[in-house]
Amino acid sequence: MDLSYDFYINAPIEKVWETLVSDEGGVQQTFYGCTIRSSFIPGETISYIGPGNDGEETVHVYGKILTCNPLEKLSFTEHPGPSYNQDHANLETRITYTLTTVGNCTKLTLINDLWSQEHPSYKSTKDHWPMILSNIKTFTETGKQLDFGF
């Protein structure tokens, strides 16, 4: 049930990293208007907050930082936000981004694993990761967002 994706981005690692971890660098543009809140220190929290079910400050996902090696790897636990599932605290997966240089490009690998058998967010997450990763690629390369019509 692991979700795994590789994207090749025509940009240096530093720029891809900024797109992943900085609101100004690209998080707001590539994660449906969310901001990222984290110190990126292992054991500390991470959350994506933005417009949604609870207004402008909806917690879409949250978790704890497991690993943060800047320009190389970011890994954290992930729970759906409270407004998306009553049992959110018991629904945990792991997200790991890994960056490597390939020629003049950056290979972005995303692994979203540790899914429980009946996790209610699996299908929607499986459908949304390619959109988010395509948006990360496009934004990092061009400075423009993809228009998904919503």
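The largest nonpolar core of this predicted model has 32 residues, and those with the most contacts inside it are Phe31, Tyr48, Leu74, Tyr97 and Trp129. A nonpolar core here is a set of buried Ala, Val, Leu, Ile, Met, Phe, Trp, Tyr and Cys residues joined through side-chain atoms within 4.5 Å, where buried means under 20% relative accessible area with a 1.4 Å probe, protein chains only. Because the model is predicted, local features need pLDDT of at least 70 and side-chain atom pairs count only at pLDDT 80 or more, while totals for chains, interfaces and linings use all residues. Residues are numbered from 1 along each chain as its sequence is written, and side-chain values use heavy atoms, with hydrogens and water left out.

- Two or more residues each come from S1, helix H1 (13-21), S3, strand S4 (55-69), strand S5 (73-80), S6, S7 and H3; helices (H or I, at least four residues) and strands (E, at least two) are DSSP runs numbered from the N terminus.
- Leaving aside residues up to four places away in sequence, Phe31 touches Tyr48, Tyr97, Trp129, Ile132 and Ile136, contact meaning heavy atoms within 4.5 Å.

**Sheet**
- Seven strands form an open antiparallel sheet in the order S1-S7-S6-S5-S4-S3-S2, two strands being paired if DSSP finds at least two bridges between them.
- Strand S1 (3-9) and strand S2 (35-38) stand at the edges with a single partner strand each, so one side of each lacks a neighbour in the sheet.
- S2 pairs with strand S3 (residues 45-52) in the antiparallel sense over four bridges, and Arg37 has Ser47 in S3 as its bridge partner.

**Helices**
- Helix H2 (residues 23-30) lies across S2 and S3 and runs at about 120° to S2, with angles taken from 0 to 180 degrees between N-to-C directions of axes fitted to C-alpha atoms, for helices over the stretch in contact.
- Helix H3 (residues 122-142) packs on the sheet, where H3 touches S1, strand S6 (93-102) and strand S7 (105-113), and its direction makes about 10° with that of S1.

How values were computed:
Buried < 20%, exposed > 50% of the residue type's maximum accessible area, 1.4 Å probe, protein only.
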